[in-house]
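Please read them beside the sequence and the coordinates.

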Amino acid sequence: MDISTPTFPVHHSTLSLDIEGHKTEIIISSYEDHFLVIVTQIGSMGTILHARKEEGVSINPTFNVSVTFGKRDEPMLVACARQLIEFISASGYSKGLVLSLGLKDHSVVRHIFLYFLEYCSVVLNLLPK
């Protein structure tokens with residue numbers, strides 16, 4: 001794991017691992033108002049989703065997830081983004097999320113997500129809030 005030094009204003013972390021025989025790159029960048037998370041097996045961005053926590057008077061938070069670019073017929077990608085923004089919110093961050101998933105096989109989303117949550121919990125503890 002490599003957390004960047006503050007010489008560049010964007011804090012980021014990268015991870016490379018093998019999932020189901022595919023080299024998978026994960027990049028997490030922390031901007032002032034959102035996180036950019038790129039998970040790719042194809043070397044490019046893939047489907048881009050935007051997720052955010054809706055602020056309101058309700059005690060229970062509401063999360064909004066939309067597909068900005070790419071496959072709109074993959075409910076597992078939307079579910080992944082929703083769980084990730086819920087995880088980020090529960091970790092004490094109020095930032096939105098831009099998630100890019102460039103996967104060779106969309107059936108491995110669940111495996112990738114489990115690896116990612118473990119990695120994300122470590123990274124979020126290292127990034128400034």
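1. The lining of the largest cavity comprises 9 nonpolar, no polar and no charged residues. In this classification, Ala, Val, Leu, Ile, Met, Phe, Trp, Tyr, Cys and Pro count as nonpolar, Asp, Glu, Lys and Arg as charged, and the others, Gly among them, as polar. The lining residues are Val37, Val39, Cys80, Leu84, Leu99, Leu101, Ile112, Phe113 and Phe116. A cavity is a set of points, on a 1 Å grid over the protein atoms alone, where a 1.4 Å probe fits but cannot get out, and lining residues have an atom within 4 Å of a point.

2. This is a predicted model, in which local features need pLDDT of at least 70 and side-chain atom pairs count only at pLDDT 80 or more, whereas totals for chains, interfaces and linings use all residues. Residues are numbered from 1 along each chain as its sequence is written, and side-chain values use heavy atoms, with hydrogens and water left out.

3. How much space lies in the largest cavity? The volume is about 50 Å³, taken as the space filled by probe spheres set on the grid points, which are joined across faces, edges and corners. A search of the whole structure finds 1 cavity of 30 Å³ or more. β4, α1, β7 and α2 each contribute at least two lining residues, and α2 gives the most, with 3 residues.

4. The protein has 2 helices and 7 strands, arranged along the sequence as β-β-β-β-β-β-α-β-α. Helices (H or I, at least four residues) and strands (E, at least two) are DSSP runs, numbered from the N terminus. Of contacts (heavy atoms within 4.5 Å) between residues at least 6 apart in sequence, 56% join residues at least 24 apart.

5. Of the 129 residues, 40% count as buried; buried means under 20% relative accessible area, exposed over 50%, and partly exposed in between, with a 1.4 Å probe and protein chains only. The largest nonpolar core has 30 residues, of which Val37, Leu49, Leu84, Leu97, Leu99 and Phe116 touch the most other members. Such a core is a set of buried Ala, Val, Leu, Ile, Met, Phe, Trp, Tyr and Cys residues joined through side-chain atoms within 4.5 Å. Elements giving two or more residues to this core include β2 (11-19), β5 (47-54), α1 (75-90) and α2 (109-126).

6. Leu97 has contacts, beyond four places in sequence, that include Phe35, Leu49, Leu84 and Ile88. Phe35 lies in strand β4 and is buried, at 1% relative accessibility. The C-alpha atoms of Phe35 and Ile85 are 9.6 Å apart, although 50 residues separate the two along the chain.

7. Beyond four places in sequence, Ser29 touches Val10, His11, His12, His34, Phe35 and Leu36.

8. Leu103, in the loop between β7 and α2, counts as buried because its relative accessibility is 8%. Its contacts, leaving out residues up to four places away in sequence, are Val39, Gln41, Ile42, Val109 and Ile112. Leu103 and Met45 are 58 residues apart in sequence and 9.1 Å apart in space, C-alpha to C-alpha.

9. Gln83, in helix α1, is partly exposed, at 43% relative accessibility. From C-alpha to C-alpha, Gln83 and Leu117 are 9.5 Å apart in space and 34 residues apart in sequence.

Definitions and conventions. 1 Å grid on protein atoms, 1.4 Å probe; cavity = no way out; pocket = protein on both sides within 12 Å on 5 of 7 lines; lining within 4 Å.
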